Amino acid sequence: MHVVICSIELFLPGAVSLKDKRHSIKSITQRIRARVNASASETGFLDSWQRSEIGVAMVSSDKVMLDRQISIIRRIVDDCAEVETAKFLVEYV
């Protein structure tokens with residue numbers, strides 16, 4: 001059994017309020033959950049307007065499949081025009 005944890009730190013230059021930020025982050029986390037069936041949530045910088053951290057966790061018996069899922073998550077985040085990726089860390093447990 002393989003477990004992977006992703007920590008994605010984001011910069012939202014266009015966000016002018018927490019409401020703007022949370023709208024963008026909610027959209028990203030919902031796309032991740034729907035597309036790769038992973039657990040995703042905002043985990044850091046909760047009171048900052050233009051910074052956020054998203055935590056993603058997945059479990060599988062196939063490490064290759066997890067690698068593919070991580071690539072999909074990276075594409076989802078990169079395709080989001082309103083955010084810039086500051087860090088994308090992946091850790092296998």
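Me: Which residues does Ser60 touch, not counting residues up to four places away in sequence?
Reply: Ser60 touches Met1, His2, Met65 and Leu66. Keep in mind that this is a predicted model.

Me: OK, and where is Ser60 found?
Reply: Ser60 is part of strand E3.

Me: Is Ser60 buried or exposed?
Reply: Buried, because its relative accessibility is 11% and the cut-off for buried is under 20%.

Me: What lies 3.0 Å from a polar atom of the Ser60 side chain?
Reply: That would be the backbone nitrogen of Asp62.

Me: Let's zoom out. How many helices and strands does the protein have?
Reply: There are two helices and four strands. Starting at the N terminus, the order is β-α-β-β-α-β. The radius of gyration is 13 Å, close to the 12 Å from the globule rule for 93 residues, so the protein is as compact as a globular protein of that length.

Me: What box do the C-alpha atoms fill?
Reply: Roughly 40 × 20 × 20 Å, taken along the principal axes.

Me: And how much of the protein counts as buried?
Reply: 35% of the 93 residues do. As for the accessible surface, the protein has about 5500 Å² of it, and 53% of that belongs to carbon and sulfur atoms.

Me: Which side chains does the side chain of Glu42 make polar contacts with?
Reply: One is the side chain of Lys21, at 2.9 Å. Another is the side chain of Ser52, at 3.1 Å. If you leave aside neighbours within four places in sequence, the residues in contact with Glu42 are Lys21, Arg22, Ile25, Ser52, Glu53 and Ile54.

Me: Ile25 is in that list. Is Ile25 buried or exposed?
Reply: Ile25 has a relative accessible area of 2%, so it counts as buried. You'll find Ile25 in helix H1.

Me: What does Ile25 touch, not counting residues up to four places away in sequence?
Reply: Ile25 touches Leu10, Leu12, Glu42, Ser52 and Ile54.

Me: Where is the place of Asn37?
Reply: Asn37 sits in the loop between helix H1 (18-36) and E2. Asn37 counts as exposed because its relative accessibility is 70%, with the cut-off for exposed at over 50%.

Me: What about the phi of Phe45?
Reply: Phe45 has a positive phi too, near 55 degrees, and Phe45 is a residue other than glycine. Phe45 is in the loop between E2 and strand E3 (51-60). With a relative accessible area of 31%, Phe45 is partly exposed.

Me: Last one: where is Ser71 found?
Reply: Ser71 is in helix H2, residues 63-79. Ser71 counts as partly exposed, at 39% relative accessibility. The C-alpha atoms of Ser71 and Asp20 are separated by 26 Å, and the two residues are 51 apart along the chain.

Me: Great, thanks!

Methods:
Residues are numbered from 1 along each chain as its sequence is written. This is a predicted model: local features need pLDDT of at least 70, side-chain atom pairs count only at pLDDT 80 or more; totals for chains, interfaces and linings use all residues. Side-chain values use heavy atoms; hydrogens and water are left out. The radius of gyration is taken over C-alpha atoms; the globule rule is 2.2 Å times the number of residues to the power 0.38. Buried means under 20% relative accessible area, exposed over 50%, partly exposed in between (1.4 Å probe, protein chains only). Accessible areas come from the Shrake-Rupley method with a 1.4 Å probe; for residues, only the protein chains shown count as cover. A polar contact is a pair of N or O atoms within 3.5 Å; within protein, one must be able to donate a hydrogen and the other to accept it, and residues adjacent in sequence count only if both atoms are side-chain atoms. Contact means heavy atoms within 4.5 Å.
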